Amino acid sequence: MNVSVMLLTGLLMGGLLLAPPAHGQQAPLIESAETVPATDQWLSPGDRLQVRLVSQSGARVTFLNGQPLLELDPTLTQGKRGIYQATYVVQPGDTLHDRPIRFQFVTPDSVIATAQSKSLVRFLNPNEPQLALTRGDLAYLNYGLGEDRLGGAKLGYLDSLVMLHLTGRVGKQYRVQLSQTQTAWVPQEVVRLLPPGGFAPTSLTGSWSVQGDSLVDYVRVPLTARLPYRSQLLTEPSRLVVDIYGATSNTNWITQRDGLQELGDVTYEQLEPDVFRMVLHLRHRQSWGYHISYRGNTLEIRVKRPPQKLRLRGLVVAVDAGHGGTNVGATGASGAREKDLTLAIALQLRQELQRAGAQVLMTRETDATVDNGDRVRQLRRLNPDVLVSIHVNSSGSATVRGTSTYYRYVAFRPLSVALYEQMRETGLPGFGNVGSFNFGLNGPTEYPNALVETAFVSNPEDEKLLTSPEFQQRMARAMRTGLEQFLKHSRAKGPRGWLLGQSAR
């Protein structure tokens, strides 16, 4: 049997296309042949295609019509031989459309085998931009491809129908070209691919209007397309920074109308030729949230004001009992379940807050299954002044115990700190105050929010406290006091001498 016939009559085994050996020859063993990472990819010119093949040592291995793979020295592979790797930099004009990578393997005695990767690779044509639109009300961008139980680290959330320029793909995430120098990643499930033929999204900015109504302050910036953006709520001084990617300034004036109560100085800068930065200074040290969305192609930023009176009476507090229904959460050695403990503590907290005159919104009041995305949608619609999410912690070590609080945005850290300090007053040891926490209920920017991991159900001593109705009430009182301390802190004078809110009289 000649070589060409051997290659044509290859057998597909386990994702590898292996050619049978010539008569009397032993088939070379190919353990694996794959791209790295071993998942479907889209690559643009300049990107690196990495491949690896594992087989017997001393062979000649090629891919992509003759590109060689090098056998790694055993000092690089913990003594193992027969590991071949290669990197190919995609060139302009290269074409490959959702095809597996094919390998050819030739032993020193001329036995030939072929194999192909399970994953598919596409080389994108930069002259035909691949565009997509965000879909749904919880679309978001990730910094990179990292992943853990909380998902990838999020760069920020986006409105629906925002146009994205895709320049790559790894598995179920697309790479987004935000600007000439910045990229991000977007999950496949939150975008809709557009047919070829569109232009990469860009826009000049128009002149802005800044005004306030009876509830919030507004900033409106006209664009010609719904461009992606990123927002940051910063402190010292308190300010909201919004970067619009693909935008270049044609803003010749900014009209500040009557009614403004939270916004102070409003400026912008052109960070890069295609990155337009808005800097919105706030009049109060403590921010109470903001919302970004599009009206047509006009980017609208709604900035919340402090509650009229910074006290619990009249404050709208959302209380989130973590898990519930089919989502049991952590379980202790004695059988205590997180979903039951969080609900019991949340109901106690509701009573404490209602006695103080607060209006309380619950994400669940029974043992119901409520998706975290649905909780966020519900809270955005109800627009509370503040959110406290209640959970219990767990560890692989039964010796770990204590209480902790979590926040994502540094501007909401004061709430997390106030809750943490009061939770420690219950006698629980401190496990820490954790920032940049990538949890869904900490994601909204519309209201200050913090998560309380009350104690470790995996620790026998903590579990006993968590199941005690008396201690549940003590923790609820601590959270109420934490909210009161947060409000007291918010009434202090800011760095510019502005009063942070009305008195608590």
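Predicted model: local features only at pLDDT ≥ 70, side-chain atom pairs only at ≥ 80, totals over all residues.
**A few backbone spots worth a look**

1. Start at P37, which sits in the loop that runs between β3 (30–35) and β4 (41–43). Strands here are DSSP E runs of at least two residues, numbered along with the helices (H or I runs of at least four residues) from the N terminus.

2. Residues are numbered from 1 along each chain as its sequence is written, and side-chain values use heavy atoms, leaving out hydrogens and water.

3. Next, please look at the loop between β21 (229–234) and β22 (239–245), where you will find P237. The peptide bond joining E236 and P237 is cis, with omega about 0°.

4. E236 belongs to the loop between β21 and β22, and it has a positive phi of about 50° although it is not a glycine. Is E236 buried or exposed? It counts as exposed because its relative accessibility is 76%; the cut-offs are under 20% relative accessible area for buried, over 50% for exposed and in between for partly exposed, with a 1.4 Å probe and protein chains only.

5. L64 also has a positive phi, of about 45°, and is not a glycine. Its place is the loop between β6 (60–63) and β7 (67–71). With 23% relative accessibility, L64 counts as partly exposed.

6. Why flag these spots? Most residues other than glycine have a negative phi, and most peptide bonds are trans.
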